[in-house]
Amino acid sequence: MKNGDEKVTVYYDGSCPRCIKDRNNYQNLAGKKGDSVCWVDITGQEKLLQQLGIDPLKALTELHVKTASGKVLSELDAYILLMSRVSRLKPLAFFIGLPFIRPLLARYYHYSVAKRLKKSGRYPQRQNRK
């Protein structure tokens, strides 16, 4: 089985219209390769996420992907993995992985996610730990 054909599971925010649009765009671009992607809406799935070792608050603010071998990737690593599986998106995966692009894009990514969540009133507030 080729690397791009291995099953992966994507944990995404199904309460986010932009996330749903991105998912649909990916599936359209992926064509048959999209069949090897299992999409899991994280809304209300805190216990499942914790069982998988994924912080539910991080899952809300960063895309997470679990590979066929069980490795969980997040943020830009998750996007790079997904994009590298689709020939039309491989150049973009390469570009966002460049050392001088990646930190800038990561900063913008976190800023835009926080802005979206604040606007919708869903921005996570961490409990102070003693």
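Visitor: Which residue in strand 4 is the bridge partner of H64?
Guide: That's S74. This is a predicted model, where local features need pLDDT of at least 70, side-chain atom pairs count only at pLDDT 80 or more, and totals for chains, interfaces and linings use all residues. Residues are numbered from 1 along each chain as its sequence is written, and side-chain values use heavy atoms, with hydrogens and water left out.

Visitor: How many bridges join strand 3 to strand 4?
Guide: Three, between strand 3 (residues 64-66) and strand 4, and the two run antiparallel. Strands here are DSSP runs (E, at least two residues) and helices are too (H or I, at least four), numbered from the N terminus.

Visitor: What's the strand order in the sheet?
Guide: It goes 2-1-3-4, an open sheet of four strands with mixed pairing. Strands pair if DSSP finds at least two bridges between them. Strand 2 (37-41) and strand 4 (72-74) are the edges, each pairing on one side only.

Visitor: Which strands does helix 4 touch?
Guide: Helix 4 packs on the sheet against strand 1, strand 2, strand 3 and strand 4, where contact means heavy atoms within 4.5 Å. Its direction makes about 110° with that of strand 4.

Visitor: At what angle do helix 4 and helix 6 pack?
Guide: About 105°, with the axes of helix 4 (residues 75-84) and helix 6 (residues 102-119) 10 Å apart. That makes helix 4 roughly perpendicular to helix 6, a label for angles of 65 to 115 degrees. Axes are lines fitted to C-alpha atoms, for helices over the stretch in contact, and angles run from 0 to 180 degrees between N-to-C directions.

Visitor: Which residues meet there?
Guide: From helix 4, E75, L76, D77, Y79 and I80; from helix 6, R102, L105, A106, Y109 and H110.

Visitor: OK, pockets. Which residues lie nearest the centre of the largest pocket?
Guide: R18, D22, Y79, M83 and Y109, out of 31 lining residues. A pocket is an open set of points on a 1 Å grid over the protein atoms alone, where a 1.4 Å probe fits, with protein on both sides within 12 Å along at least five of seven lines; lining residues have an atom within 4 Å of a point.

Visitor: Which helix gives the most to that lining?
Guide: Helix 1, with seven residues.

Key:
Angles under 35 degrees count as roughly parallel, over 145 as roughly antiparallel, 65 to 115 as roughly perpendicular and the rest as oblique.
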